[in-house]
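This briefing walks through one protein chain, from its overall make-up down to single residues. Keep the structure open while reading, and find each named residue as it comes up.

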Amino acid sequence: MDRPTSELGSAVEKSGGCVIGTYREPLGAHSVVLAILPIDAVDPTPFQRDLSEAHHKKLAGVIEKTGRFLDPIIAVTAPDRGFWTPNGRHRLAAMKRLGAKSITALVLPDRELAWQILALNTEKAHNLKERSLEVIRIYRGLVEENPTHLESQFAFYLEEPALITLGVCYEREPRFAGGSYHPILRRLEEFSDEPVKAAVRVHERHAGMVLQLDEKVSGVVKELKEHGLVSPYLRAFVVARINPLRWIKGEPPPLENVLKTMRERAAKFNVGKVRQQDLAGAAGSPDEE
């Protein structure tokens with residue numbers, strides 16, 4: 001048994017768990033510990049999607065009906081004590097709901113695998129809001145765990161830099177209509193070669209500018225509605241009208257310049273010149289208000 005595996009076995013036993021066996025997985029021949037862990041020693045990683053009440057209740061019903069738990073969670077050692085599971089949040093909650101005292105787990109020695117598994121889960125997120133919130137939670141975990149590492153080193157885990165900024169927006173304003181701004185951020189934001197503890201402040205600044213812009217856009221949308229204009233794409237229509245990027249074919253200006261220009265154009269937007277037929281070709285994400 002190699003040293004990392006031996007240390008994992010000790011961590012399992014220290015938590016009150018039991019090592020069932022060890023093996024090398026068939027793809028990369030990496031060591032894996034199969035263990036029974038006390039259920040109270042396992043927590044979901046703090047930077048993943050929120051628990052779905054409906055899903056974990058349904059899962060508990062299925063497990064109860066079969067009378068068996070046959071799908072081990074993946075676990076890594078937590079920074080302080082116990083274990084984190086990056087992919088077993090709903091199974092963990094379902095077993096707790098059923099009164100289980102322990103849970104079967106595949107325990108891995110490399111905590112960085114938690115980020116990789118969460119990155120795969122991000123791809124399964126159902127909408128932009130879920131993806132963005134999951135990415136910003138991963139990011140804040142990275143800032144806490146690896147503050148001096150470069151943001152660009154984590155590109156695999158984070159999918160695209162725009163999701164970090166949008167995640168901050170959704171943290172601050174849950175009803176934010178991110179779909180209207182996603183194409184702009186996706187085109188202009190790049191992963192930074194700055195440490196994540198510094199890069200996160202840039203994303204937070206960008207998010208603040210986007211939310212300020214959205215406040216102006218919301219005012220225009222309200223005026224359009226007051227003028228009797230009806231469309232589920234009013235916000236997308238306004239954003240498209242004030243977006244300077246559609247006329248730029250070469251190198252685009254920096255994001256902050258674009259957001260400033262859009263905010264100024266929103267402030268000057270003449271709703272009196274918009275007719276209902278102008279909205280016929282509007283597309284993009286429907287308003288989320």
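**Surface and overall make-up**

The chain exposes about 15,500 Å², and carbon and sulfur atoms supply 50% of that area. The model is a predicted one. Its chain holds eleven helices and six strands. The points below start with the whole chain and then turn to selected places in it.

**The chain as a whole**

- The chain has 289 residues, and 45% of them are buried.
- Taken along the principal axes, the box filled by the C-alpha atoms is roughly 75 × 45 × 30 Å.
- Of the contacts between residues at least 6 apart in sequence, 75% join residues at least 24 apart.
- The side chains include 40 positive and 39 negative ones. The centres of these two sets are 5 Å apart.

**Helix H10 and Arg-235**

- Helix H10 covers residues 234–242 and is mostly covered, with seven of its nine residues buried.
- Which residues of H10 are buried? They are Leu-234, Arg-235, Ala-236, Phe-237, Val-238, Val-239 and Ile-242.
- The cover over these buried residues includes helix H8 (182–188), helix H9 (196–226) and helix H11 (255–267).
- Arg-235, which lies in helix H10, has a relative accessibility of 2%. Arg-235 counts as buried because this value is under the 20% cut-off.
- The side chain of Arg-235 forms a polar contact with the side chain of Asp-214, at 2.7 Å.
- Arg-235 and Ser-218 are 17 residues apart in sequence, and their C-alpha atoms are 7.3 Å apart in space.

**His-56 in helix H2**

- His-56 is placed in helix H2, which spans residues 53–66.
- Is His-56 buried or exposed? Its relative accessibility is 5%, so His-56 counts as buried.
- A polar atom of the His-56 side chain lies 3.4 Å from the backbone oxygen of Glu-53.
- An α-helix has 3.6 residues a turn, so residues three or four places apart point the same way.
- Leaving aside residues up to four places away in sequence, His-56 touches Leu-51, His-90, Ala-93, Ala-94 and Arg-97.

- Ser-152 is found in the loop between helix H5 (128–145) and H6.
- With a relative accessibility of 27%, Ser-152 counts as partly exposed.
- Not counting residues up to four places away in sequence, Ser-152 touches Phe-191, Ser-192 and Asp-193.
- What does the side chain of Ser-152 make a polar contact with? The partner is the side chain of Asp-193, at 2.7 Å.

**Arg-3 in helix H1**

- Arg-3 lies in helix H1, which runs over residues 3–14.
- The relative accessible area of Arg-3 is 66%, so Arg-3 is exposed.
- Arg-3 and Pro-109 are 106 residues apart along the chain, and their C-alpha atoms are separated by 10.0 Å.

**Two loop residues with positive phi**

- Ala-29 has a phi near 60°, which is a positive value in a residue other than glycine.
- Ala-29 sits in the loop between strand S1 (18–24) and strand S2 (31–38). Its relative accessible area of 39% makes Ala-29 partly exposed.
- Glu-159 has a phi near 70°, again a positive value in a residue other than glycine.
- Glu-159 is in the loop between helix H6 (155–158) and helix H7 (161–172). At 35% relative accessibility, Glu-159 counts as partly exposed.

**Cysteines and disulfides**

- A disulfide is a covalent bond between the sulfur atoms of two cysteines.
- How many disulfides does a search of the whole structure find? The search finds zero.
- Cys-18 has a relative accessibility of 41% and counts as partly exposed.
- Cys-169 has a relative accessibility of 0% and counts as buried.

Note on methods: Residues are numbered from 1 along each chain as its sequence is written. This is a predicted model: local features need pLDDT of at least 70, side-chain atom pairs count only at pLDDT 80 or more; totals for chains, interfaces and linings use all residues. Side-chain values use heavy atoms; hydrogens and water are left out. Helices (H or I, at least four residues) and strands (E, at least two) are DSSP runs, numbered from the N terminus. Buried means under 20% relative accessible area, exposed over 50%, partly exposed in between (1.4 Å probe, protein chains only). A polar contact is a pair of N or O atoms within 3.5 Å; within protein, one must be able to donate a hydrogen and the other to accept it, and residues adjacent in sequence count only if both atoms are side-chain atoms. Contact means heavy atoms within 4.5 Å. Accessible areas come from the Shrake-Rupley method with a 1.4 Å probe; for residues, only the protein chains shown count as cover. Lys and Arg count as positive and Asp and Glu as negative; His and the chain ends are not counted. The place of a charge is taken as NZ of Lys, CZ of Arg, CG of Asp or CD of Glu. A disulfide is a pair of cysteine sulfur atoms within 2.5 Å.
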